[in-house]
Every structure is written in C-alpha cells, then in structure tokens.
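Student: I have a structure to read and have not seen it before. Please take me through some of its features.
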Amino acid sequence: MQSALTKIILDESRQGESFLSSLPENKHFVKTFYIESYGCQMNFSDSEIVASILNGVGFSAISNPEHADLILINTCSIREKAEQTVRTRLKIFEQVKNRRPSVLVGVLGCMAERLKSKFLEEEKLVDLVIGPDAYRTLPALIGDAESGLRAVNVLLSRDETYADIAPVRLGSNGITAFVSIMRGCNNMCSFCVVPFTRGRERSRNAESIYAECCNLFQNGFREVTLLGQNVDSYYWVDERSSEIVTFANLLKKVASISPQLRIRFSTSHPKDITDDVLVAISIHPNICKYIHLPVQSGSTRVLQQMNRTYTREWYMAKIIRIRELVPDCGISSDIISGFCTETEEDHLATLSVMSFARFDMSYMFFYSERPGTLAARRFQDDVSEETKKRRLSEVVKLQNQLSLESNERDLGKVFEVLIEGDSKKSKHEWMGRNSQNKVVIFPKSGNCFVPGNYVDVRISACTGATLLGSAISGNCN
Ligand code: SAH
Ligand code: SF4
Ligand code: F3S
C-alpha cells in the first residue's frame, strides 16, 4: 500500500504534456542537481535529456551530491548486481539526506520502471520514482515532492523519443557524443528485462537526429555514436516527402554532414543487420569500421531458449559476410555464460564461435535471472553459480587471448586516430581511437595536435587492451 502522501501518475493523458511550458521560464539557475548514471549508453544519454529538462526550469548540474538540492540516480536493472550497486549508492545518499533533510532524492531509469511504487516502500529516503519515458514530467513531480508528496510516474509511452529536447552534454570530452535514435525494444530475448523497462520500440524523427548531429559538429564534436537497443530496425517515414528512412539511409544521411565527423552505432542484432548497412560502412570512410554484434551463445539450442531467433550457423554466416564486405572491420560481442540448461557442450560451442569470429573485444557476463522475464517464468536457473563462474572465466581467458592476437595483428600498421584527450596514465601522451574502436596511445612529442584532430599513427607495440605507437602525420589546422 502507498502512503497517503504518495502521488502515483496513472492518468495516460499527462504523459507528454509539456510541463516545462507551464512553468515560469528561468533564465537564472536557482537550484542545483546532481545526477549519477548506471547501465548502458542509452541511460547516460537519457541523463543528458534529464539535464536539459532541469536546466529549463532553473536547475544547474553540479558534481558533488553534498551540495545539491536534488540528487538523481539513473538506474539499470540488467543484472542483479547492477541493482545492488544502486542500493549501495542510495545508502550513501541517505546519509546526505540525514544531514540535510531538505534534499530530494529521485530514482530514474530501468530500476524505477521495474519496481515502480514498490521503490518507495523499499527505500524510505526516495522522494521521486520516474521511468524512462516520463522525464518530461520531472519538473511537475519535483514540485509535488517539494510540497511533501512522494511522486511516481512510470508510464511507458508508444511515441516518446524526446526528439525536440537538446541534450545537455554531461562530463563530455567535447569530441565524442551519444545520440539516441530510437527507444525501447520489441525483441523478447528471454533473459532480458529491457523490453519491460523500456517499453515498445519506436524510432526518432530522422530530421531531429540529423539536426542534433549537425549541431554537435558545429560545436566542435567529431564523433557521434547512434544509439538504440536494435539499431538495424530503425524505421522512420517523412510525412511530407514519404521518404522511408532505414538505418542504412540514416547512416548515410549523418555521414554526409562532414567527412570530418565520424559515425559509430550500437547495438546491432545478428538477425537484423543488413547488407545495406555493411555497404554503407564500406563506402563511407567516416562511418567507422566497427560492429558490436552480440552473439550471447554459440549453441543453437541455447540461442533458441534465449529467443534470439538465429542459429550458430546464421551468426557465423554474418561474420563471413562482414569480413567479405568490410575486410578490416572490428567486431565485438556480448556473451552470457551459464544460461538455463547450458551444458558443457553448449559452453564449448560458445568458445568455438568466439574463436571463429575472432572478436576484438567482448562484454562477458554470467546469467542473472531477472524477475518477470520469459526465462524467469519458463526455465529453471539450473546452472550452479560455481559452474557459471568457471565457464565465464574460460570465456574471459579466451577473449583476452583473442584481443591480444587481434592487437598483435595491427603491429606495423598505420591508423587514422581521432584524438580524444590526454591518456589516462600521462599528460605527455594522447589517447584516441581508430576506426575499429581500438584505443591508441601515442606521445605528444612536441607536435601541435589538439583533441579533435585526426592523426596518422604507426603502431609499434600493444597490450591486450591498447595499441601504442607514434604520430607520423596529421592536420594541425
Ligand atoms: N540490445 C542489446 C543489449 C542490451 S543489454 C542487444 O540486444 O544486444 C546488454 C547485454 O547484457 C546483453 O547483450 C546481454 O549479453 C547482457 N544481459 C542481458 N540480460 C542479462 C541477464 N539477465 N544476465 C546476464 N547478462 C544479461
Ligand atoms: Fe534485450 Fe534482446 Fe532487446 Fe537486446 S535485443 S535489449 S538483449 S530483448
Ligand atoms: Fe540497463 Fe536499462 Fe540499459 S536495464 S542496460 S539501463 S536499457
């Protein structure tokens, strides 16, 4: 049961209303907020939308929660551990609130959506719970919370894309930025909570994506990453011209802004990635030769249980096609160890598909059952924790070897590197990335380069994670 002081928005008509326009326009920042983000790039990108909405009503971002009027935590539910991290952070914010009871604490994102008003029962310090499609209502909900109500809005929308909101870049290096092109997911991978926390898939207006990328370029940014849970199913129709914009068309549109603007994208789904996209990558030098193509498992039987809708052979055929059309393409993956019913043979099939694909990099996880998902309802989480961890460590070991081999193959090659800033270890070295998304470190050695410059770097050494080299040319203008 909710307390009488809780307001839960269940009225669909409030969704999408412009609360910003009903509030006095604030030219001066009168309050401060602190925001912390977890989970995928999508969530980080959402935090920039939230920052924009809050700026519009007089809140400015600060980097210390101790001094903020409003503390927000943008949460992830993908694995149990992600949720534990959030709970640990909330304990810290509880201490701030004990010292300063006027501070408001809000939970945003996927965990807010998953737990809804239960959050208010479980975490007594939380004042606001707001799902990923309800950020426009944040100013009104803050008003409610300031007057003593604990407010919840977790309505999912079929059409919200925040297309008209110009994100405020948080913690930006001024060179690379994320741009959301769609929201939600219509796939029902059985292990995954995202369709429940993010709702139905919808594509953002292509014109607004183009305009945002142009604006970023004009402001000195040199790389945009187009974001969606399944970018290959991007689909938008221009009502005026009836032009159909597919993902391949969108890539080409954004690539036409300037040869000096690099385009990346994430995430591609093996069932949906098309030749059109691969051809676009091969033709346009500024569309990066890098594809994140999560395999999840190398066993057709497990893939079926996961509802990934492709087989091991289909995945391998996609890898062959990528290598045919984009010979020097970087490929990375996501892998889950110990999914329900996974046998030793299935696990070995995953290891062999990794070797076949020669992934440059992978994000590797052991299966974490998520309440409400298809797998939680249908299957038993029957692989022991010990076995999951052992299999995961074998996957990680193989990936480390593949990453090192991949980097060793680059020794002696010259790559065009976009400088992002100082290397983490030394201010005497630059850090940048090549088209294949590999991190490249090289000495500044008295040259006139600055972040945002493209430089040719010859690779002379490597670790499993990094290429090391020296600049041989570059545009110093
Ligand atoms: N939309 C992307 C991925 C989103 S989630 C895609 O389809 O590939 C990122 C990754 O988290 C997934 O690719 C998967 O490898 C992992 N993941 C998702 N749910 C998980 C779970 N219940 N346990 C462990 N890993 C999970
Ligand atoms: Fe989850 Fe699958 Fe959608 Fe990715 S494609 S977000 S793994 S349901
Ligand atoms: Fe996590 Fe939600 Fe992203 S569950 S991975 S923050 S879509």
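Student: Which residue in β22 stands opposite R458?

Tutor: R458 stands opposite S470 in β22. Before going on, note that this is a predicted model, in which local features need pLDDT of at least 70, side-chain atom pairs count only at pLDDT 80 or more, and totals for chains, interfaces and linings use all residues. Residues are numbered from 1 along each chain as its sequence is written, chains are lettered from A and ligands numbered from 1 in the order in which they are written, and side-chain values use heavy atoms, with hydrogens and water left out.

Student: What counts as a strand, and what as a pair of strands?

Tutor: Strands (E, at least two residues) and helices (H or I, at least four) are DSSP runs, numbered from the N terminus. Two strands pair if DSSP finds at least two bridges between them. Here, strand β21 (residues 454–462) and β22 run antiparallel and are joined by five bridges. They form a hairpin, with three residues between them.

Student: In which sense do β20 and β22 pair, parallel or antiparallel?

Tutor: Strand β20 (residues 439–443) pairs with strand β22 (residues 466–471) in the parallel sense, over three bridges. In this pair, I441 stands opposite L468 of β22. I441 is also the bridge partner of M431.

Student: In what order do the strands close into a barrel?

Tutor: The five strands follow the order β18-β19-β20-β22-β21, and the pairing is mixed. On average, neighbouring strands of this sheet are turned by 55 degrees against each other, direction ignored.

Student: How are two packed helices described?

Tutor: Two packed helices are described by the angle between their axes and the distance between the axes. Axes are lines fitted to C-alpha atoms, for helices over the stretch in contact, and angles run from 0 to 180 degrees between N-to-C directions. Helix α8 (residues 206–218) and helix α9 (residues 247–255) have axes that come within 10 Å and cross at roughly 30 degrees. That makes α8 roughly parallel to α9, a term for angles under 35 degrees.

Student: Which residues of α8 and α9 meet?

Tutor: A206, E207, I209, Y210 and C213 in α8 meet L250, K253 and V254 in α9, where contact means heavy atoms within 4.5 Å.

Student: Which residues surround ligand 2?

Tutor: The surrounding residues are C185, N187, C189, F191, C192, V194, P195, Q229, H269 and R308, each with a heavy atom within 4 Å of the ligand.

Terms used
Angles under 35 degrees count as roughly parallel, over 145 as roughly antiparallel, 65 to 115 as roughly perpendicular and the rest as oblique.
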